[in-house]
Amino acid sequence: MLSARIRRNVVKLEGERSSALDLARGRLVIMSGFFILVYMVFVVRAFDLAVIQGRPTARDDGRIAAQNLPGELAPRPGIRRADIADRNGVLLATTLKTAALFADPYLIADAQEAAKKLVQIFPDLKYGDVLQKLQSPRRFEWIERNVSPDQQYQVLQIGEPGLDFKEAYRRFYPQGPLTAHILGYGSVDAQGLAGIERSFNNYLNEGHNLKLTVDIRLQHALRREILAAMDEFEAPAAAGVVMDVTNGEILAGVSLPDFNPHNPGAAADNAIFNRLTLGVYELGSVFKIFSTAAFFEARDLPMSTTFDASEPIKAGRFTIRDYHAEDRILTIPEVFMYSSNIGSALMGQAVGTQELRKFYSDLGLLDPLDFEIREVARPLVPDPWREINTLTASYGHGLSTTPLQLVTAVSSIVNGGYRVNPVLVMNEETEENRTEEPRVVSAQTAQKMRQLLRLVVTDGTAKKAEVKGLRVGGKTGTAEKIVNGKYDNKKKISSFVGVFPMDAPRYAVFIMVDEPKGQKHTWNYATGGWVAAPAVARVMASMASILGIPPAPENAPENHFGESLKQFVSAKEAP
Amino acid sequence: MKLLRPRTFIIFALAGLSGAVLLHTSQNVQLAEERLESLEHSLAREREKTRMLRAEWEALNRPERLERLADEFLDLLPPAPGQMALGDKGLLPEPAPVDDEGGEGYEPVLQSVTFETAKPPAPKPAHKPLATPRPPAAPASEEKATPPQEKAFGDLLNELGRGG
């Protein structure tokens, strides 16, 4: 009984001891397991850091991490200034990535040596300037903002640790000066300073691509022919535009001389100046299109109406004479085709001062253009507008407008009488908007004007503008320039506005040449009919082949458009 | 000892296993991310290269340059307005009728060919027959004409921002 109890106690005691030992051992196992686990975690993490993540990645070797640099040019992620294309998608302006060289003078080992070598690589740099920059106390100095890949390689060959590169964005114009005045130009830090680059600055910087109405092929044809005319007549400047008369889209716009948009700073003011939108000129007889249209609108008189152009008009101290003097009584078609100032002045008188002024205003000739380029000039309008101004404005004197305004107004008349506005940015909805545009002349007047314009080319002052089968119409203009407040009959502005095909007008082409000089082969003439009309004809011929406009066949009825007016033209006596 | 029951081992084993799987997965993710990054990087580089090439292409296709080259190397002129004809007015000949039904005018597609021994090639005509034959430097004119243009693009690039 006792032994049994003792044994039980022993067993109990042993049981308690052994369970206490077990407990301690269990805790030890857990503790050591815990530590082993923790060490395992450390080992794995260390392996992860040292071996897996420690591998050099492609982007690190040899390249600079842009985020460590002071960030003047640091590109905003994902946004770069957008592209500009022409109506067919040909690139006009784009943004390219280039390298820019900077120095950290603190890290420069041998400033003199580095400066010497840099000057060899970049001939534009001056040794003194570079040395000064390399020894400056600042930590960051630009050396050269634009570095070609070749130059970059040469700079790396110097082995100077303080010289480093940064990516930079540069505006590039693949077409060079071809569209310089339309596109404009920008600053190094992607801010547009002129042209489309300026007026759509934010839009472009937000990354939206832009499509213009310009067709680069027509632009080139226009520029080529204007350059040829300038060359032929030794003219210092010229301008031209091709417009779609149905919707005002500008297919080409040229102002010469032009400039290199990559380096506008080097261009003369004369070249930067956009003659199409900023130049205001007295464009002369081309304005007879408007006074004649105003006459048809105001007075419902037949074409046979006559005006006495045998005597110059004397009004105060002015005397209005005819350049191509006929010295006789003229019918309306004769006034228009011989470009009689007297006849047009009499028409303006018949319309009346208020009406003529209102008509010009409706055509948009008296106010600055509402245009997508902000560089537009305010036309010079006589103020106050007296009777004499009505007479002179009828043949385009005493009133200065921009060439683009003139072409727009001509388009508004020949397209059937709907006011159009010049458009430079492609808009798919233009077609729909057209019907809402206000009417400036009636369809009948528009039709009469088309016939008159055709007559000028078939029988009048612009015979050189004829392109076989294209039914060209138009009006010449030769205006004397005002020099020191007086008309100078040696300095002229010769222009021609042509429209084709005249039976259903689609395109207007205007060329204006500043101060052309008469040549031997033109018998010293430098008028619109000799200078601008042939150039316009060549542009139109190019347009026909570029745009695939078929000419009317030999005996098609379209070829006889406007011939009904010939009955009002008396046959010229042989000289 | 209650803790050393088989269930505990199984739990530990599962925990270890899931840890290993987690490590493996995270490593895979890291590798994939790296690969993605390098792909994106090379994609950006390719895009940049494409932009550059497109700009160069457009610069080389300037109408003024094409016109000059066509003038120099082609015996072609742009068509004058009078040279255009509309196909639907009967001015162009109709295409010859094709009879693929095997009728009377059927001609087998495969025709017998007779082989001839090679002859020395006829002398090639001069590059561009001109009224006045060019001096022997004629082939060199092609090389001369292109390099300034090749250079032009680089020059244009170099001009970028020279003002600023």
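Helices, of at least four residues, and strands, of at least two, are taken here as DSSP runs numbered from the N terminus, and in this predicted model that numbering places Pro384(A) in the loop between α13 (353–362) and α14 (387–393) of chain A. The peptide bond that joins Asp383(A) to Pro384(A) is cis, with omega at about 0°.

Five strands of chain A form an open, antiparallel sheet in the order β7-β6-β14-β13-β12. Because β7 (250–256) and β12 (473–483) of chain A stand at its edges with a single partner strand each, one side of each is left without a neighbour in the sheet. On average, and with direction ignored, neighbouring strands are turned by 10° against each other. Within the sheet, β6 (residues 237–244) and β14 (residues 507–514) of chain A run antiparallel and are joined by eight bridges, and Ala239(A) stands opposite Met512(A) in β14(A).

Two helices pack on this sheet. Helix α8 (residues 216–232) of chain A touches β6, β7 and β14 of chain A, and its direction makes about 30° with that of β7(A); helix α18 (residues 528–547) of chain A touches β12, β13 (486–500) and β14 of chain A, at about 25° to the direction of β13(A).

Between β13 and β14 of chain A lies Pro501(A), and the peptide bond to it from Phe500(A) is cis, with omega near -20°. Arg471(A), in the loop between α17 (443–459) and β12 of chain A, has a positive phi near 50° and counts as buried, because it has 26 C-beta neighbours inside 10 Å. Trp523(A), in the loop between β14 and α18 of chain A, also has a positive phi, near 50°, but with 8 C-beta neighbours inside 10 Å it counts as exposed.

Notes: Residues are numbered from 1 along each chain as its sequence is written. Chains are lettered from A and ligands numbered from 1 in the order in which they are written. This is a predicted model: local features need pLDDT of at least 70, side-chain atom pairs count only at pLDDT 80 or more; totals for chains, interfaces and linings use all residues. Two strands pair if DSSP finds at least two bridges between them. Axes are lines fitted to C-alpha atoms, for helices over the stretch in contact, and angles run from 0 to 180 degrees between N-to-C directions. Two residues are in contact if their C-beta atoms, placed from the backbone, lie within 7 Å. A residue is buried if 20 or more other C-beta atoms lie within 10 Å of its own, exposed if 12 or fewer, and partly exposed in between; C-beta atoms are placed from the backbone.
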